[in-house]
Amino acid sequence: MILRAVLGFAVAVLCCCLLAIPATTQPLLPQQDPEDERRLGLWFDQAISVGLPESRSLEFEFHQRLDEGASNLFEYFFQGGMAFRLRPWLAILPIYRYQRYPGDPTTSYENRLLLNLTFNTTLGRWRPILRTLTEGRFPQNRIASARLRLRPGIEYTLPLRMARPPVVVVNNEFFIVLGANSFASGSDFTQNRFQAGIRLPITNSFAIRPYYLLQSVHPPTGWDGNGVIGLSLAFKF
């Protein structure tokens with residue numbers, strides 16, 4: 001019964017995301033996506049996970065992103081949802097996100113509905129992971145759109161004699177727009193993010209993860225790339 005209810009809720013969120021696909025004949029203003037990085041960036045995020053009975057948890061995230069050499073706060077957002085771990089290898093997380101673009105004169109905020117499906121397994125010290133994220137984007141003064149994000153990755157626990165050894169984290173994320181885009185782009189493959197970092201468990205309930213991210217975006221003028229230095233904080237209760 002619980003499994004059926006969770007799947008029904010997830011399907012409802014997915015349908016809402018896909019309903020954001022607009023007709024391809026709708027006009028688009030020639031504006032680049034305001035979430036895209038400019039020059040060297042500095043990103044921070046804080047994640048809070050609160051465990052609940054029956055393999056569930058409440059998940060909250062806060063993100064702050066600076067660009068222009070880490071001198072300009074161009075984006076920040078909050079998101080939250082309830083995660084359902086239906087199998088040891090599968091987690092489903094419907095999410096709502098509210099996003100702000102402080103310096104954008106046309107689109108200062110955006111609402112999103114997201115459906116996160118995460119598949120993973122453990123092979124000794126290795127942990128392959130595939131995250132799929134379906135987004136329904138509803139930006140201010142723009143048409144709605146849907147986007148699929150695929151992020152295959154792998155984690156490796158270092159063979160150190162420690163109670164909580166560090167974990168190397170590497171992944172690559174592909175951004176694909178389904179139908180027309182809310183913002184001008186060179187193709188349906190609008191962005192790519194390669195990320196490498198190391199997770200340092202400080203306690204059983206707190207970890208930090210410094211990382212480097214290479215963001216490649218595809219505006220109408222062609223591909224462009226920018227580097228990002230990031231720091232993630234994770235809390236579990």
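Trainee: What volume does the largest cavity have?
Mentor: Keep in mind that this is a predicted model. Rolling a probe the size of a water molecule over the atoms shows where empty space is left. Searching the whole structure that way turns up 1 cavity of 30 Å³ or more. The volume of the largest cavity comes to about 120 Å³.

Trainee: And which residues lining the largest cavity are closest to its centre?
Mentor: The lining has 15 residues in total. Split by class, that's 4 charged, 6 polar and 5 nonpolar residues. Closest to the centre are Asp-33, Asp-36, Ala-184, Ser-185 and Thr-190.

Trainee: What is phi of Ser-55 near?
Mentor: Look in the loop between β1 (41-52) and β2 (56-67), where Ser-55 is found. Ser-55 has 44% relative accessibility, so it counts as partly exposed. Its phi is positive although the residue is not glycine, and the value is near 55°.

Trainee: Now Asn-141: is that one buried or exposed?
Mentor: Asn-141 belongs to the loop between β6 (126-139) and β7 (145-157). Its phi is positive too, near 60°, in a residue other than glycine. The cut-off for exposed is over 50% relative accessible area. Asn-141 has 56%, so the call is exposed.

Technical notes
Residues numbered from 1 in each chain as written. Predicted model: local features only at pLDDT ≥ 70, side-chain atom pairs only at ≥ 80, totals over all residues. Heavy atoms only, no water. 1 Å grid on protein atoms, 1.4 Å probe; cavity = no way out; pocket = protein on both sides within 12 Å on 5 of 7 lines; lining within 4 Å. Points joined across faces, edges and corners; volume = space filled by probe spheres on them. Nonpolar A, V, L, I, M, F, W, Y, C, P; charged D, E, K, R; others polar. Helix = DSSP H or I, 4+ residues; strand = E, 2+ residues; numbered from the N terminus. Buried < 20%, exposed > 50% of the residue type's maximum accessible area, 1.4 Å probe, protein only.
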